[in-house]
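Keep the picture open beside you as you read.

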Amino acid sequence: MGSKSAFNSLDPALLYKGDLLRRIFFTLIALICYRLGTYVPIPGINLDIINDVFPKEVTGVFGVFNLFSGGALARMTILALNVMPYIVASIVMQLLSSAVKGINEVKNDGELGRRRMNSYIRYMTIVFCIFQSVTILIGLERMNREGALVVIEPGVMFRIVGVFSLLGGTMFLIWLGEQISASGIGNGISLIIFTGIISELHNAFSSLLTLNKNGNISVPIILFIFGLFFLLLLLIIFVESSYRKVTVQYPKRQFKRLHTDDFTYIPLKINLSGVIPTIFANAILLTPISIANFYKGHVFSDFILNYFMANKVVYIVAYLTLIVFFNFFYTNFIFNSEENADFLKKNSGFIPGRRPGKHTSDYLQGIVFRLTFIGSAYLVVICTVPEVMRYYYDVPFIFGGTSLLIIVNVITDTIMQIQSYIFSSRYDNWVKKYKSKTKKLR
């Protein structure tokens, strides 16, 4: 029974009773609304010209941003920024909560603190949205050439309308993600990003076929790329589902029974920081590149475009260095060995062979350091292989390490959410049957 999947023994009646079908249907409708929004253009954009200006850029500098937005950036729609400002704001607030005592107190203030933190994140999201919107809109105005107007009527009014359009689009997606989390199958924001990435798969495949048609890539190379893509997915699935068990014992339970049940463990993932280091590295490198692309001709812009483009060796080295740095940096914030050691001590737990307190803290810190080192090597491999393939064969951005990590993590998390919901519904059903039988016996 334990080896069977939850889906193999699923009772259809339980799906309707447990409301799972309704949640799945709601999620699909919400994601369809999101996809429709990626085709609503910013007011004042010349759609005929924008289709000619951006295709060449989307596979290069704007690849990551366009990928996460599901092609909305290339079409310059109201959802061009997607939820990226919100994600960056969430990460920044999480880091600040670990570094600033006042924010940490707000975070730990129960439900009220959680609401206040969400408010702070939204305010910061608005600031990021405005900054990014103004940068993009001014850059679009600078693209105007004689006989080719990207912006029909450039000026203050276009910028004001554009900022409110992009800001409204991002806030709408945040609200939509919350609705999916509350009334759908969960992971709302992650599912929106996942949908954007998946929707661009056909463009990646068509780009490969076009390269093959033009004679730039042979069929064996395409097969090699797909094989490599599959192996990377297997590696990600294996590593993301692996963890290190740190055995913990509770002596008080030994008076009841002396069995292995007295032992539990702390599960520590190999890649504790997840996809955050790659997102940070992309944001730091691609933001100045994106700005420089709008201001070609300046000394600083030309320097950035000559040495830090996505297909340059300097860019790859800087990208991987930032990934390793942010992996150690972020892991240090999300895992506090001293707090975990104090928690075990307060609950009369200890790690066998380790004294409570500092000795336990140092032991946990050493394990986390080794896991972070392995996790950094893993992230470097995942992100290096696509960059090298792009360097030699100009492979589309869909095969980037960040997109692969997001695809696998969102799929596994969503499956776990659905399974948890099924098991919860079954448990409630069993409890009701047990209560009804107990009443009959009475």
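To follow the first pair, you need to know what an axis is: here, a helix axis is a line fitted to C-alpha atoms over the stretch in contact, and angles between such lines run from 0 to 180 degrees. Two packed helices are described by the angle between their axes and the distance between the axes. Bear in mind that the model you are looking at is predicted.

Start with helix H7, residues 84–99, and helix H16, residues 313–334. Their axes cross at roughly 60 degrees and come within 9 Å. Angles of 65 to 115 degrees count as roughly perpendicular and those under 35 degrees as roughly parallel, and H7 and H16 are therefore oblique to each other. The crossing of H7 past H16 is left-handed. On the H7 side, the contact is made by Ile91, Gln94, Leu95, Ser98 and Ala99, while H16 brings Phe329, Tyr330, Phe333 and Ile334. Sorted by class, the contact of H7 with H16 has seven nonpolar residues, two polar ones and no charged ones.

Now turn to helix H2, residues 20–37, and helix H11, residues 188–199. Here the axes lie 11 Å apart, and the helices pack at an angle of about 60 degrees. That angle makes H2 oblique to H11. Which hand does the crossing of H2 and H11 have? The crossing of H2 and H11 is right-handed. Thr27, Leu31, Tyr34 and Arg35 of H2 meet Leu191, Ile192, Thr195, Gly196 and Ser199 of H11. By class, the contact of H2 with H11 holds four nonpolar, four polar and one charged residues.

Note on methods. Residues numbered from 1 in each chain as written. Predicted model: local features only at pLDDT ≥ 70, side-chain atom pairs only at ≥ 80, totals over all residues. Heavy atoms only, no water. Helix = DSSP H or I, 4+ residues; strand = E, 2+ residues; numbered from the N terminus. Parallel < 35°, antiparallel > 145°, perpendicular 65-115°, else oblique. Left-handed = near helix turned anticlockwise from the far one by under 90°. Contact = heavy atoms within 4.5 Å. Nonpolar A, V, L, I, M, F, W, Y, C, P; charged D, E, K, R; others polar.
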